[in-house]
Amino acid sequence: MIIKKKSIRTLLYRSFEEKLKPKEEARLRRALADSPELRAEKEEILRLRHFLEERDKFSFSPHFDEKVLTKWRQEKECLKKTPSFEEQLSSIFVKLAYIGTAVAVVLVIINVILGDVLSSEEIFFASDSLYETLLHLPFF
Amino acid sequence: MAGRTIDLEQEKELLHRAREGDEEAFRKIVNLHQRQVAATVMGMLGNCPEAEDVGQEVFIQFFRSLDRFRGESRIATYLTRIALNLAVNELRRRKKEKQLLAAGAEGWLKASTDSREEANDARRLIAQALQQLEPRFREVIVLRFLNGYSTEETARILKLPLGTVLSRLSRAQMKLREILLPLMGQEK
């Protein structure tokens, strides 16, 4: 009896969403005619569905669009400030160039102090003999 | 279905303008779909302060993905998916922080029967009643009734078999009938 009641309820709920087969429809119609309880449930479910479907009840606060756009503008600004991969790469090369220049300047100074141990060509063009000569400097 | 107030051609044009960076196109997208996003987010999270933040994030995520959005689905469906995902993430975060609203929702329902003003607020009534459903039941109600999708569309959005959606809908309606019907008489 409970199983039968359960399957009728399943049919009732399905009937709101899809067209039942003729046999199922007839069965549900009979059950509704026989049971005031089931008829009441059908009415209540229809009321509930109508209540839920009045979906215009939901909205965000006034000026929601402006809030979203402000947030979007801020995000775009942040993206502009964050350097791209190419920009980051070129900044690394710039740093390397500064370091290279600094090393060259240091070598020139050492050269001047030690009295022409290295030729200017060796310092600026980094010939093979440069490394050998560097290794023979007093501080290595 | 909610949110579909422009045809496909107008939607394509709007998307094109948005991709070009036209701010008015962005605004129009927000205004066209905010009620539908509100229904999804508030249906899932309740009528809480975080709902609006999540709602804003839904549109921001959509704008971020504009270049990837190829128009296989309508904007409304795409936004609903984002809204559902973000709402589920928010629910997980709440669960983690042990800030489940169940007790709060129960308290609110009691309070709403005491206060005529709040009982008249259908939006709160629905949102809080939905909080008493498990998220898997809640999401089918939100999509089917609050967003107005058909059961087939709901099944597609949730990537579930149609039978599962139908069965969850039935169970969710049985539960909502118990919670909401005694209070609905007081709603205007």
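1. Starting with a detail: B:Lys159 is exposed, having 7 other C-beta atoms within 10 Å. Worth a glance, since most residues other than glycine have a negative phi.

2. A word on the basis: this is a predicted model, in which local features need pLDDT of at least 70 and side-chain atom pairs count only at pLDDT 80 or more, while totals for chains, interfaces and linings use all residues. Residues are numbered from 1 along each chain as its sequence is written, and chains are lettered from A and ligands numbered from 1 in the order in which they are written.

3. A:His63 belongs to the loop between α3 and α4 of chain A and counts as exposed, with 10 C-beta neighbours inside 10 Å.

4. On the overall make-up, chain A has 7 helices and 0 strands, and chain B has 10 helices and 0 strands. (Helices, H or I of at least four residues, and strands, E of at least two, are DSSP runs numbered from the N terminus.) In chain A, 9% of the 140 residues count as buried; in chain B, 40% of the 188 residues do.

5. Now the contacts inside each chain, where two residues are in contact if their C-beta atoms, placed from the backbone, lie within 7 Å. Among the contacts of chain A between residues at least 6 apart in sequence, 16% join residues at least 24 apart. For chain B, residues 24 or more positions apart make up 69% of the contacts with a separation of 6 or more.

6. Helix α5 of chain A (residues 85-114) is hardly covered: 1 of its 30 residues is buried. Its length checks out: at 1.5 Å a residue the helix should span 44 Å, and its end C-alpha atoms are 43 Å apart, which agrees. (The expected span is 1.5 Å times one less than the number of residues.)

7. As for the interface, 27 residues of chain A are in contact with 35 residues of chain B. On the chain A side, α1 (2-17), α3 (36-53) and α4 (64-81) each supply at least two residues. That side divides into 11 nonpolar, 3 polar and 13 charged residues. (Nonpolar covers Ala, Val, Leu, Ile, Met, Phe, Trp, Tyr, Cys and Pro; charged covers Asp, Glu, Lys and Arg; the others, Gly among them, are polar.)

8. Last, B:Gly148, in the loop between α8 (135-146) and α9 (151-158) of chain B. B:Gly148 has 17 C-beta neighbours inside 10 Å and so counts as partly exposed. B:Gly148 and B:Gln36 are 112 residues apart in sequence, yet 9.1 Å apart in space, C-alpha to C-alpha.

Conventions. A residue is buried if 20 or more other C-beta atoms lie within 10 Å of its own, exposed if 12 or fewer, and partly exposed in between; C-beta atoms are placed from the backbone.
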